[in-house]
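Here is a short briefing on one protein structure.

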Amino acid sequence: MNRKTRRARQRERRHENANPATETALVKVGAKHMLLSEALGLGVDLMNEGHRAKAAEIFACILDSAPGQPDALHLMGMLHFQEGRLDEAARLVRQAVKRDPRNEFAWCNLGAVLRAAGDNAGAIVATRRFSICLHISPY
């Protein structure tokens, strides 16, 4: 499965499992207010374009407005992973999978973070959870 397909599936899953309270939640990003889902999308776009600092600011704003929001935790963790801060990345992605245990993308990325940190046993467990999520996913 390529990156484009994974992202499309993640967006579909978010839409199908949308929590109405979360979808209508407003997040203050700078001087602007936007829906949580819009802020997440903007952060992902900035992250993909290589603007990590701006993406981190957006994810931090989301976490200030909605503490423990699993997608923001996961994505913030991946920013730390890209910067080589493996301990912080693992901590954030673990929090994300604890809050949303059916998020196959977070489990897959947790496996990658743990493998890079030298925790092979943890990486195997995370990869198995990723596999289980794929089998129970409707996709």
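Helices (H or I, at least four residues) and strands (E, at least two) are DSSP runs, numbered from the N terminus. Along the sequence, the protein chain has the pattern α-α-β-β-α-α-α-α-α-α, with eight helices and two strands. This is a predicted model, in which local features need pLDDT of at least 70 and side-chain atom pairs count only at pLDDT 80 or more, while totals for chains, interfaces and linings use all residues. Residues are numbered from 1 along each chain as its sequence is written, and side-chain values use heavy atoms, with hydrogens and water left out.

**The chain as a whole**

- Of the 139 residues in the protein chain, 38% are buried (under 20% relative accessible area; exposed is over 50% and partly exposed in between, with a 1.4 Å probe and protein chains only).
- Contact means heavy atoms within 4.5 Å. Among contacts in the protein chain with a separation of 6 or more, 48% are between residues 24 or more positions apart.

**Helix α3 and its partners**

- Axes are lines fitted to C-alpha atoms, for helices over the stretch in contact, and angles run from 0 to 180 degrees between N-to-C directions.
- The axes of α3 (residues 36–48) and α5 (residues 70–82) come within 11 Å and cross at roughly 15°. The two helices α3 and α5 are therefore roughly parallel (angles under 35 degrees; over 145 is roughly antiparallel, 65 to 115 roughly perpendicular and the rest oblique).
- On the α3 side, this contact uses Leu40, Val44 and Met47, and on the α5 side Asp71, Ala72, Leu75, Met78, Leu79 and Gln82. By class, the contact of α3 with α5 has seven nonpolar, one polar and one charged residues. Ala, Val, Leu, Ile, Met, Phe, Trp, Tyr, Cys and Pro count as nonpolar, Asp, Glu, Lys and Arg as charged, and the others, Gly among them, as polar.
- The axes of α3 and α4 come within 8 Å and cross at roughly 160°, and α3 and α4 are therefore roughly antiparallel.
- From α4, the residues making the contact with α3 are Lys54, Ala55, Ile58, Phe59 and Ile62. The contact of α3 with α4 comprises eleven nonpolar, one polar and one charged residues.

**Helices α6 and α7**

- The axes of α6 and α7 are 9 Å apart, and the packing angle is about 155°. Helices α6 and α7 are therefore roughly antiparallel to each other.

**The nonpolar core**

- A nonpolar core is a set of buried Ala, Val, Leu, Ile, Met, Phe, Trp, Tyr and Cys residues joined through side-chain atoms within 4.5 Å.
- The largest nonpolar core has 35 residues, of which Phe59 and Ile62 touch the most other members. At least two residues of this core come from each of β1 (26–29), α3, α4 (52–65), α5, α6 (86–99), α7 (104–116) and α8 (120–136).
- Not counting residues up to four places away in sequence, Phe59 touches Leu40, Gly43, Val44, Met47, Ala72, Leu75, Met76 and Leu79.
- In soluble globular proteins, nonpolar side chains tend to be buried together.

**Cys133**

- Cys133 lies in helix α8 and is buried, with a relative accessible area of 3%.
- Apart from neighbours within four places in sequence, Cys133 is in contact with Pro101, Arg102, Glu104 and Trp107.
- The C-alpha atoms of Cys133 and Phe105 are separated by 9.1 Å, and the two residues are 28 residues apart along the chain.
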